[in-house]
Amino acid sequence: MTATPAAVIVLSAGDGTRMKSRRNKALHAIGGRTLVGHAVSAAVGTGAQYVAVVVRAQKEAVAEAAREISPEIVIAEQDDVYGTGRAAECGLLALPDSLAGTVVVTTGDTPLLTAETLVDLTQDHEHAGAAVTVLTGVLQDASGYGRIVRDEQGAVQAIVEHKQATPEQLQIGEFNSGIFAFDAAVLRDALAEVGVHAEAGEKYLTDVVEVAVRRGLRVNGHVLDDLWQTEGVNDKAQLARLGKELNRRTLDTLMREHGAIVIDPDTTWVDVGVSVGADSVIHPGCQLHGATSIGADCEIGPDTTLVDTEVQDGASVVRTQANLAFIGPGANVGPFSYLRPGTELGRGGKIGGFVETKNAQIGDGAKVPHLTYCGDATIGEGSNIGAGTIFANYDGVTKSHTNVGKHSFVGSNSVIVAPVDIADGVYVAAGSTVVDDVAPGELAISRAKQRDVPGWVAHRRAGTATAAAAEAASHATTDIPPADPDGTDNQEGPTQ
């Protein structure tokens, strides 16, 4: 039977000065999630009855980031006494006094730590009947880490900080990860006994181990082979390093467990909250962020960025930027398309090259193929919007909506001035400016009548290559009519 901790306490009270940032370390993100968010996600994943997050520096922002993962977590504020021991104590004080069982204490800066590891730690701790179990790792060179000192039976006797270690202890490769499982009663009593170190003004969690050993209680070490899970973020170089490893693991999971095809993992970045269906191909240069979901048999990329966007089965999205958009099954988007929030593309629909959409509902089989701005519009199924069409949705004060009915055709280079309703089965002539509603079956035309001025080139551009070409063409067809002196002043022709 899998063991579940009674509570998990996440220590996230520090400000992370080594990050060289005005932002708290816990608020920096990799894989689309803050560091404290990763820690809370792992804690909640254990199934613990309580999850407490200890905050201090930028406490409101850190608490908000933690609650984004789980609104039910307990927020505990650390007081003016510093140190991991006091942080754990503040977390424990925020939980019921009657709490019994295993309390796991983790840190808010180990983003690769998993719920499965915390459950394994809890199970090992409880099966051994230990008072304390420390999660450890082994390195060839453990410089900078606290060393795990064991007795002949393998029980942990002490955790010795690097600065206090003897030459013999410095040869030990097993190190303290800073992650523990405690019996709740032992933790509560020991923290009450642990004092504040005068030289640092801090209360250390590792002192609980010393108290437990002195009382003759069992202290275990749970060795973790995957050392990435124990690695914390102290600066932005480590943030990038762990971010790259997290991305590698995310892509590996998508390929091995979900059947996605990632052509070039080195140039593909996917957040931990993204889903990708079987046999969907992710081409190089793609970034999939937030709550983006990709169905099965899709083609994404190359060079595509999707944020909180849903792409349904069989769709193709090429060289596109999309945010809070919906792309229906079998639809085609791109290249060089920009889908802004509120874009919904129906089954088999198309948003083509150099098209920008915003708050636009484009029906099944409808097409906006190229060079168009489609904002605040509803386009019915089967309709076609010609190249260069502009939906003029903003008059400088108000955003207004346009409706285009089913199986209508808007000619190229048209301007649709909202608010306007274009009914089902309508044609809009190319180059028109539509300012009034159009009834079903009508042809809307709104443009100046063309007027040709015969002989204008011969009269006004004599001696040019254009005039020579016109004269040659006229001999192959008909004679050029004599120049119309009055035509030279026609306002529709070029000015003098």
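**From His370 to the aromatic pairs**

His370 is partly exposed, since its relative accessible area of 38% falls between the 20% and 50% limits. Keep in mind as you look around that this is a predicted model. His370 sits in strand S29, which covers residues 367-370, and an unreviewed UniProt entry places the feature "active site" at this residue. Once neighbours within four places in sequence are set aside, the contacts of His370 are Gly353, Phe354, Val355, Gly386, Ala387 and Gly388.

One of those contacts, Phe354, takes us on to the aromatic rings. The whole structure holds 4 aromatic pairs. Among them is the stacked pair of Phe180 and Phe182, with 5.3 Å centre to centre and 20° between the planes. Phe180 counts as buried because its relative accessible area of 1% is under 20%, and Phe182 is buried too, at 0%.

Phe354 itself is stacked with Phe336, at 5.1 Å centre to centre and with 20° between the planes. This pair links distant parts of the chain, 18 residues apart: Phe336 lies in the loop between strands S24 (332-333) and S25 (337-339), and Phe354 in the loop between strands S27 (350-353) and S28 (356-362). Phe336 is partly exposed at 45% relative accessible area, whereas Phe354 counts as exposed because its 55% is over 50%.

Phe409 belongs to strand S34, residues 409-410, and is partly exposed, with 34% relative accessibility.

Notes: Residues are numbered from 1 along each chain as its sequence is written. This is a predicted model: local features need pLDDT of at least 70, side-chain atom pairs count only at pLDDT 80 or more; totals for chains, interfaces and linings use all residues. Side-chain values use heavy atoms; hydrogens and water are left out. UniProt positions are given in the numbering used here, feature names are shortened, and annotations may be inferred rather than shown by experiment. Helices (H or I, at least four residues) and strands (E, at least two) are DSSP runs, numbered from the N terminus. Buried means under 20% relative accessible area, exposed over 50%, partly exposed in between (1.4 Å probe, protein chains only). Contact means heavy atoms within 4.5 Å. Rings of Phe, Tyr and Trp (its six-membered ring) pair if their centres lie within 6.5 Å; planes under 30 degrees apart count as stacked, over 60 as edge-to-face and the rest as tilted.
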